[in-house]
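My notebook is open, and I am looking things up one at a time. Come along and check each entry against the picture.

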Amino acid sequence: MSQQANSLYNEDLAPIPFAERSWGIYNYASLWVAMSVCIPTYMLASGLIANGMSWKQALGTIFLGNLIVLVPMILNAHAGAKYGIPFPVYVRASFGVRGANIPAVLRALVACGWFGIQCWIGGQAIYSMLRVLAPGLAASQSAVWVCFFAFWLVNMAVVWKGIEIIRWLQVVSAPFMLIVGLLLLFWMTGKAGGLSATLANASSFHEGATKTSFWKIFVPSLTAIVGFWATVALNIPDFTRYAKSQQAQMIGQAIGLPPAMTLYSFIGIAVTSASSIVFGVAIWDPVVLLGRFHQPVVACIGLVALLLATLNTNVAANVVSPSNDFANLNPRLISFRTGGLITGVLGILCMPWKLAADPARYINGWLVGYSGLLGPIAGIMIADYFVVRDRELDPDGLYLRGGPYEYSDGFNIRAVVALAAGIIVALIGVGVPRLRWLYDYAWFVGFFVSGGLYCLLMTSITTAKGSTPLVVETSLPGAGVLEGEGA
């Protein structure tokens, strides 16, 4: 079969050949360090404390949330490492070769919103740097918008270079960003009288919070933290398709995600507490904090580090997946680069300056809300791969019409029904106050409702397990299965 005539195939979506799978433990650990060390992570704990948690409660909630989301992250990563396939191809197994566009587009639209938010934050960092170096230029009313679009263009340039420059950025910048964060911590706590005095001050932010109020805050906050990485928990195959082994991706992710998120959140808490001692007001935004420094060299180094951190996170977490997702809509016409450009345009149309303006809307609206869309997708993907198919896929069939994943004209109606049910149950609490608790647990509710219902509905398909591979005239370039331990 000619791949040029295949509407489900292009080079960006093709399985990665074994010879090109070069990512090891360090690559995945540094990927998560680089994605975690960013301004939204720094400010995440601030939102929890602002809602009434102590700094210890906030850190504990963040660590627990990231341990939880690590589970679906590693489970969904398995197929990417075993078969070398990206998320939009992997999800064809459960939703059908055409139905896969439904979860892919949902995931892509959320990523576009995140992309816009990160570009806005990066633009703010450039604007703060401009205020330090050239106050006259920063006084212009259009300066903040010029900085926003400048950072947007930098992101687009990285996308144009492709996946390898993303891997290079993670390897080089991850240690640098952690070092700068630690230096900022030591600098600020030193000025505030030491770490003990700083943490004592952090504990006084919300001394009046009761045990009852903590539990009311804890549930939606935990859901929000799981939702923070719920996007990448779906598209993690986009990265693990480059893994040398299952062990590399599993260990790399485990030592990279929870510790990095917790450490950088702690830095955010401690530095913010120190700022309230040094400047008389708690400054949660690191961009604003660095703008307070009257030493241009120190401020610029810090702001460059924040820019690099934001660029890393934005491109890795919010561009790679939607680029592949949009390419999946029409592989013959949309490449990875074109998908990236579409992501960039939609990121602007999402008006990120409004999404990032209100901490309550950011946590309880944005993070919790979209987790109710993505949790059901994760539940269906994991149920299909581990329960229904016992980790066995037909790689060639994922790229073929009329093959084992054709279902009904390319759509697995059972998956669509399970997805709709999970989303409705997870989000019904928005409009029904008595069921608000379902919304507070949106990701978890959607995950288990959709996953469980999908398993029940799929029991009627006799070919769900061990389907006979479709014989094709020409195997796909690079198609194959990762053999050996953990495959």
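First, a definition I need: buried means under 20% relative accessible area, exposed means over 50%, and partly exposed lies in between, with a 1.4 Å probe and protein chains only. This is a predicted model, where local features need pLDDT of at least 70, side-chain atom pairs count only at pLDDT 80 or more, and totals for chains, interfaces and linings use all residues. Residues are numbered from 1 along each chain as its sequence is written, and side-chain values use heavy atoms, with hydrogens and water left out.

**Entry: two loop residues**

I looked up tyrosine 407 and found it in the loop between α20 (359-388) and α21 (413-427). Helices here are DSSP runs of H or I with at least four residues, strands are runs of E with at least two, and both are numbered from the N terminus. Tyrosine 407 counts as partly exposed because its relative accessibility is 25%. Its phi is near 50°, a positive value in a residue other than glycine. Aspartate 409 is also placed in the loop between α20 and α21, and its phi is near 55°, again positive in a residue that is not glycine. I noted for background that most residues other than glycine have a negative phi.

**Entry: buried or exposed?**

Is threonine 272 buried or exposed? Threonine 272 is buried, because its relative accessible area is 0%. It sits in helix α14 (residues 246-278). Not counting residues up to four places away in sequence, threonine 272 touches Tyr42, Ala282, Ile283 and Trp284; contact means heavy atoms within 4.5 Å.

Glutamate 11 lies in the segment before α1 (25-36). I put it down as exposed because its relative accessible area is 73%. Glutamate 11 and proline 331 are 320 residues apart along the chain, yet their C-alpha atoms are separated by 8.7 Å.

**Entry: tyrosine 441 and α23**

Tyrosine 441 is in the loop between α22 (436-440) and α23. At 37% relative accessibility, I count tyrosine 441 as partly exposed. Leaving aside neighbours within four places in sequence, it is in contact with Val219 and Thr223. Valine 368 is 73 residues from tyrosine 441 in sequence and 8.2 Å from it in space, C-alpha to C-alpha.

Next I checked the length of helix α23 (residues 442-458). Its 17 residues should span 24 Å at 1.5 Å a residue, and its end C-alpha atoms are 24 Å apart, so the two agree. The expected span is 1.5 Å times one less than the number of residues. The buried residues of α23 include Trp443, Phe444, Tyr454 and Met458.

**Entry: two partners of α6**

How do α6 (residues 101-133) and α18 (residues 336-349) cross? Their axes come within 7 Å and cross at roughly 70°. That makes α6 roughly perpendicular to α18. Axes are lines fitted to C-alpha atoms, for helices over the stretch in contact, and angles run from 0 to 180 degrees between N-to-C directions. Roughly perpendicular covers 65 to 115 degrees. Leu109, Cys112, Phe115 and Gly116 in α6 meet Thr343, Gly344, Leu346 and Gly347 in α18.

My other partner is helix α17 (residues 320-329): α6 and α17 pack at an angle of about 140°, with axes 9 Å apart. Among the α6 residues that meet α17 are Asn101, Arg107 and Cys112, and on the α17 side they include Pro322, Asp325 and Phe326.

Note on methods: Parallel < 35°, antiparallel > 145°, perpendicular 65-115°, else oblique.
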